[in-house]
Structures are given as structure tokens and as C-alpha cells.
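Thanks, everyone, for making the time. I would like to take you through one model this morning, and I will give each cut-off as it comes up.

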Amino acid sequence: MGAHWIHGPSKENPVFQLASDYGLLDEEAMSEENQQIEVGGHPLLPTVFYSNTGRVLSPELVEGVRNLFSTLLDQTREFLHVPQVPVPSVGQYLRKEIAQQVKEWTDDDETKWLKLAILNMYLKLECCISGTHSMDHVGLGPFGEYTMLPGLDCTFPGSYGGLPDCMLTSLPKESVVFHKPVTVVRWGGSYQEESQEGRTFPVQVECEDGERFLADHVIITVPLGFLKEHHETFIDPPLPPRKADAIRQLGFGTNNKIFLEFEQPFWPPDCQLIEVVWEDESPLVEAGTDVQAGWFRKLIGFLVLQPPERYGHVLCGFIAGKESEYMETLSDAEVLTALTDVIRRLTGNPHLAPPKKVLRSQWHSAPYTRGSYSYVAVGSSGDDIDVLAQPLPEDAADPRPLQVLFAGEATHRTFYSTTHGALLSGWREADRLLNLYDTSESHQHKPRL
């Protein structure tokens with residue numbers, strides 16, 4: 001329901017290294033050859049391209065358009081550190097360049113419209129990758145700071161959950177407490193523990209059930225979406241203005257999965273990806289604003305879960321943005337009905353048997369996430385990520401430093417939105433504390449986190 005791939009599974013990726021050490025990956029994923037492949041973050045899978053008119057599009061035509069889109073997207077990464085960008089957002093730049101390209105096309109009108117529709121599909125795919133409603137929300141200047149690691153993206157044969165399960169086995173029993181929602185983190189205080197006369201702590205964490213934990217240090221790893229909604233009451237005293245501004249300015253969007261299970265596959269045996277092209281759409285024409293009537297148009301396609309011997313005949317669809325958030329408000333039956341209609345249109349078969357089961361993520365509705373992952377929005381920069389990662393108190397001369405530390409994917413400047421970025425950010429904050437106690441002679445007690 002959450003993380004799917006290890007993006008860039010190679011020696012520089014700590015998630016890949018941990019998964020390898022724990023024996024959670026298959027031999028192909030760990031091969032030297034796969035670790036060296038440069039795919040720009042996204043592997044090319046055997047794909048069938050369906051259009052909403054019920055026809056299968058030519059792979060050659062789609063490949064040419066994909067190469068064009070990839071070239072233009074690569075260009076958007078070239079504006080990092082330039083004094084002035086031509087337009088504020090990635091989306092505006094891409095549309096401007098596409099409009100220029102169209103002028104040079106010599107195709108007939110039908111082919112031109114089809115190529116534009118394919119480009120629009122890739123624009124929606126990029127929304128899923130960036131976790132945003134529109135690429136118009138993604139800042140052009142900082143876009144190139146995001147770093148992709150080498151390696152052919154791979155998955156966990158036994159699910160991503162196997163990784164934290166293995167990590168938990170190395171921790172003392174009962175050191176992790178579940179089902180304890182936190183209402184407020186108080187810092188900068190002097191909280192005394194009843195059982196330890198004279199020992200005070202600067203941080204107090206209060207839970208919904210009234211239980212309180214005292215600590216020298218707290219590492220906050222809640223998603224940026226939660227901080228956007230609750231930071232004013234969740235952290236007391238309130239965050240410094242520049243940190244609050246960074247939370248407000250950085251982007252945080254929704255990307256959801258919709259799993260459909262079929263009795264029998266309608267896709268070819270060698271197909272691993274189904275992509276959906278709406279022939280009446282174009283990046284040069286403003287999209288309709290009726291999210292309720294056409295939410296399913298934002299669905300970019302379906303991944304075929306492999307192998308069928310393990311999963312059955314299951315497709316995993318991806319949908320981002322406001323349409324994704326609206327989808328969360330519908331019932332399973334409504335989602336199933338809408339997507340059955342879409343698939344029947346794609347295949348040209350009005351009698352195609354509907355999926356027998358639907359399962360979807362609902363990350364925007366989830367109270368502790370309120371979305372999926374972060375991006376650097378128009379009006380923000382990588383500096384905001386660094387500000388968000390800065391511990392409290394900010395005064396380095398404070399006698400009780402590093403009371404509240406911040407980790408999570410949104411605090412990693414070059415790997416935001418990824419699991420490896422989240423993992424590295426946690427290690428970064430652990431290192432801060434290790435360095436503090438390695439060099440400090442004033443702390444005679446064992447720190448409590």
C-alpha cells in the first residue's frame with residue numbers, strides 16, 4: 001500500500017544494502033549488472049498502450065514521444081543554481097517546449113493529436129512520480145537537485161514490510177511502543193520524573209491516552225503533510241518562524257495505488273505495464289476542472305504484479321493529485337464500477353468481466369500522513385528542506401542542545417520522496433546525537449530518547 005520499489009538499487013542505496021544483508025532480495029536484483037544500469041529512476045517494462053477509443057497504440061509511436069518527453073524533462077534539471085529561471089514551474093517549461101516542438105511536426109493532424117495525448121499521459125505519470133497534483137506546482141529552479149541513483153529498480157519478493165521487521169529483531173524487546181498517538185511534543189522545559197528525584201528533562205511527549213514520556217532528545221519523523229496541518233499545536237513552544245515557513249512552502253501531495261484482482265487476465269502474458277492514453281487530452285489544452293466527473297482520467301495506467309503464481313491476476317494502478325484525493329471519498333463499489341467502465345473502453349470489450357476485488361491506499365485521508373510524500377514547490381527551494389531538518393533549539397550555545405530533531409523523507413535535500421532518503425535522514429539525526437555524546441564532557445548520564 002505504501003513504498004513499492006527500491007529506487008536505484010546499488011551500493012550507494014542504504015535500503016538496498018540492508019535488504020541485501022538481510023537476504024530479502026532475489027539474485028537478479030543483487031546482480032552486479034543490474035546495479036550498474038542507468039535508467040533515470042524508472043525501468044522500461046514490456047508495455048501495452050491502450051487508448052480510450054479501444055485501440056492498442058503503436059509501440060514505435062509511443063517510444064518516439066517518450067524519448068521526446070524524457071529529453072524535455074532532462075532539460076528541466078539544467079536550471080539548478082541559475083540566477084533566473086524562464087518560468088516558475090516544471091509544468092510551464094514543459095508545455096512551452098512542447099508548443100515549440102509541435103510547430104516542427106510534419107505529421108497529419110490525427111497523429112499530432114495522438115502524440116500530444118501521449119505527452120499528456122507522461123505529464124500525468126510525472127505527477128505520480130513527484131507526488132503532486134500538477135507539475136505546475138513543482139519549482140523549475142530546484143528540480144535538478146533531486147538525485148537518482150544507478151541500478152535497475154527492484155521490489156521485495158516478500159513485501160517492503162520485511163525490512164523493518166528484520167530491523168526490529170535487533171532492538172531490545174518492548175523498546176518500540178505501538179498505538180500511542182502523540183498529541184504534543186513540549187521542549188525547552190524542565191520536566192521532573194517522579195521516580196528520579198532531582199533529574200529533569202527538557203522534553204515531554206504527551207500521548208492521546210494521557211501518558212507522558214520524558215526525554216533528553218526526541219526525533220520527529222512524522223510526514224510533512226501532518227506537520228502542515230498540526231505543527232502549531234503539535235510542537236510547544238511553536239516552531240521558529242523560518243521553520244514554520246519552510247513547512248508551509250514545501251510541497252506535499254498524494255499518490256495512491258488501486259489494486260484490481262481479476263479472475264482471468266485481459267492483458268498479454270508478457271505484459272508488465274499497461275499505460276492509458278486519453279486521445280482527447282493535450283498538455284496544451286487546459287484540463288477539465290470537474291474532478292468528480294472525470295477523476296479516473298488521472299489514472300496513468302497499471303502495473304502487472306509479477307509473478308502471477310504468487311499474486312494471482314492483479315493490476316496496480318497509480319493516480320495522483322486532487323483526483324486521487326477525491327477517489328478516497330468513494331466507496332469500493334464506486335471505484336470498481338468506474339474502473340470497470342474504463343477498462344472496457346480501453347479494451348473495446350463492453351462485456352469484459354469486472355475485477356473480482358478492489359483494494360486501494362488512502363494516504364490523504366490517513367490522519368497521520370495527509371498525503372504521500374514531498375516535492376520542492378514553486379516558491380520553495382532545497383534551503384527549505386535544510387531548514388526543516390535543523391534541530392531545536394536553533395541556538396548552538398544552548399546548554400541543552402538537540403532537544404527536538406527532525407527526520408523523514410522531506411528532510412533530505414537530494415533524496416526527498418524516497419525510502420532511502422528517509423532512512424538516511426534517520427541515520428543523520430542519530431549521528432548528531434552520537435557526536436554530541438562523543439564530544440561532550442558535561443553529560444554524565446545516559447541520554448534518554
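This is a predicted model: local features need pLDDT of at least 70, side-chain atom pairs count only at pLDDT 80 or more; totals for chains, interfaces and linings use all residues.

Residues are numbered from 1 along each chain as its sequence is written, and side-chain values use heavy atoms, with hydrogens and water left out.

Let me begin with the largest nonpolar core, which has 42 residues, with Val-90, Ile-118 and Leu-119 making the most contacts inside it. A nonpolar core here is a set of buried Ala, Val, Leu, Ile, Met, Phe, Trp, Tyr and Cys residues joined through side-chain atoms within 4.5 Å, and buried means under 20% relative accessible area, against over 50% for exposed and partly exposed in between, with a 1.4 Å probe and protein chains only. At least two residues each come from helix 4 (59-76), helix 5, helix 6, strand 13 (273-277) and strand 15 (313-320), where helices (H or I, at least four residues) and strands (E, at least two) are DSSP runs numbered from the N terminus. Helix 6 supplies the largest share, ten residues. Apart from this core lies another, of 28 residues, including Phe-266 and Trp-278.

Leu-119, leaving aside neighbours within four places in sequence, is in contact (heavy atoms within 4.5 Å) with Val-65, Leu-68, Phe-69, Ile-98, Trp-105 and Pro-283.

Now to Val-102, which is found in helix 5 (residues 90-104) and is buried, at a relative accessible area of 18%. Not counting residues up to four places away in sequence, Val-102 touches Leu-116 and Leu-284.

What lines the second largest pocket? There are 28 lining residues, and Val-285, Glu-286, Ala-287, Gly-288 and Glu-323 lie nearest the centre. Helix 6 again gives the largest share, here four residues.

Finally, how many disulfides are there? The count comes to zero, with a disulfide taken as a pair of cysteine sulfur atoms within 2.5 Å. For Cys-128, the closest cysteine sulfur is that of Cys-127, at 7.2 Å, which is too far for a bond. Cys-316 is in no disulfide either, since the nearest cysteine sulfur, that of Cys-128, is 10 Å away. Cys-128 is buried at 4% relative accessibility, and Cys-316 is buried at 0%.

Note on methods: On a 1 Å grid over the protein atoms alone, a cavity is a set of points where a 1.4 Å probe fits but cannot get out, and a pocket is an open set with protein on both sides within 12 Å along at least five of seven lines; lining residues have an atom within 4 Å of a point.
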